[in-house]
Every structure is written in C-alpha cells, then in structure tokens.
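Welcome, and thanks for taking a look at this one with me. Here are some notes to read alongside the picture.

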Amino acid sequence: MGDFRAKRAGQRSRTVREDWFAWLPEEMDQLFGATRSELECSNGILSVALDEALALCEQEQFTVAKERVTAFAGLFDRLAVASPACDPHD
C-alpha cells in the first residue's frame, strides 16, 4: 500500500472529477469496499443510539437520555480510533 501511495504522489490527475471516477487497483478497491461496509455498519449503530437519546429527551426522560448520549459518545470515539482515515501518523 505504501508503494502505491508513493507512486501516486508523483502523478496527479487533471481534475478531482477524474480522480473520483478513476479505476481503482484491486487492492485499493477491496480496501475501499471493506472500509465502506464498516462505516455503513457503524453509521447505523450510531444513528440508532442517537435516535433513542433524542426520543427519550422528547419524553422528558433526561437521565436515561444522558446515559444514551454518553454511550453514543463512546461509540463515536471507538469509531474514530478504529478508522484508518483518522490516523494522524499516516
């Protein structure tokens, strides 16, 4: 993967649109698919947790809503730590 990045850094496409629609090498396509699936799953879980917290607020169950928001924040933090796109050392 590092070799691909090094080669890619030296060659720039003419436009962002060309980059967006460009063919991906098999390795990159597999990584993209796996990452997309993981993010879609995480998004679903986060959406449910946040929706529950908001519904509890509407029902004025603020103590339980606060617990759900805390759980949401923990899930979000775990996603951010696990995401390779968020790695500041990359």
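**Notes for a first look**

1. Let's begin with the overall layout. The protein chain has 4 helices and 0 strands, and the order of its elements from the N terminus is α-α-α-α. Please keep in mind that this is a predicted model.

2. Next, the surface. The protein chain has 90 residues, and 11% of them count as buried. Its accessible surface is about 7600 Å², with 59% belonging to carbon and sulfur atoms. Among contacts in the protein chain with a separation of 6 or more, 42% are between residues 24 or more positions apart.

3. How far apart are the end C-alpha atoms of helix H4? They are 30 Å apart, which agrees with the 30 Å that the 21 residues of helix H4 (residues 62-82) should span at 1.5 Å a residue.

4. Ala-65, Phe-72 and Leu-79 are buried in H4. They cover an arc of only 40° around the axis, so they sit on the same side of H4. As background, an α-helix has 3.6 residues a turn, so residues three or four places apart point the same way. Which residues are exposed on the other side of H4? They are Thr-63, Lys-66, Thr-70, Arg-78 and Val-81. As for the partner of the buried side, the buried residues of H4 pack against helix H3 (26-58).

5. Arg-68 deserves a paragraph of its own. This residue is in helix H4 and is partly exposed, with a relative accessible area of 32%. Leaving aside neighbours within four places in sequence, Arg-68 is in contact with Ala-49, Glu-52, Ala-53 and Leu-56. The C-alpha atoms of Arg-68 and Leu-50 are separated by 7.3 Å, while the two residues are 18 residues apart along the chain.

6. One of those contacts is also a charged pair. In general, side chains of opposite charge can pair when their charged atoms come close. Here the count comes to 1 salt bridge. Arg-68 forms a salt bridge with Glu-52, and the closest N and O atoms are 3.4 Å apart. This pair links distant parts of the chain, with Arg-68 in helix H4 and Glu-52 in helix H3, 16 residues apart.

7. Do take a look at the loop between H3 and H4, where Glu-60 lies. Phi of Glu-60 is near 60°, a positive value in a residue other than glycine. Glu-60 is exposed, with a relative accessible area of 61%; the cut-off for exposed is over 50%.

8. Finally, the cysteines. A disulfide is a covalent bond between the sulfur atoms of two cysteines. How many disulfides does the structure hold? The number is 0. Cys-41 is partly exposed, with a relative accessible area of 49%, and Cys-57 counts as partly exposed at 32% relative accessibility.

Technical notes:
Residues are numbered from 1 along each chain as its sequence is written. This is a predicted model: local features need pLDDT of at least 70, side-chain atom pairs count only at pLDDT 80 or more; totals for chains, interfaces and linings use all residues. Side-chain values use heavy atoms; hydrogens and water are left out. Helices (H or I, at least four residues) and strands (E, at least two) are DSSP runs, numbered from the N terminus. Buried means under 20% relative accessible area, exposed over 50%, partly exposed in between (1.4 Å probe, protein chains only). Contact means heavy atoms within 4.5 Å. Accessible areas come from the Shrake-Rupley method with a 1.4 Å probe; for residues, only the protein chains shown count as cover. The expected span of a helix is 1.5 Å times one less than its number of residues. The arc is that of the directions from the helix axis to the C-beta atoms. A salt bridge is a side-chain nitrogen of Lys or Arg within 4 Å of a carboxyl oxygen of Asp or Glu. A disulfide is a pair of cysteine sulfur atoms within 2.5 Å.
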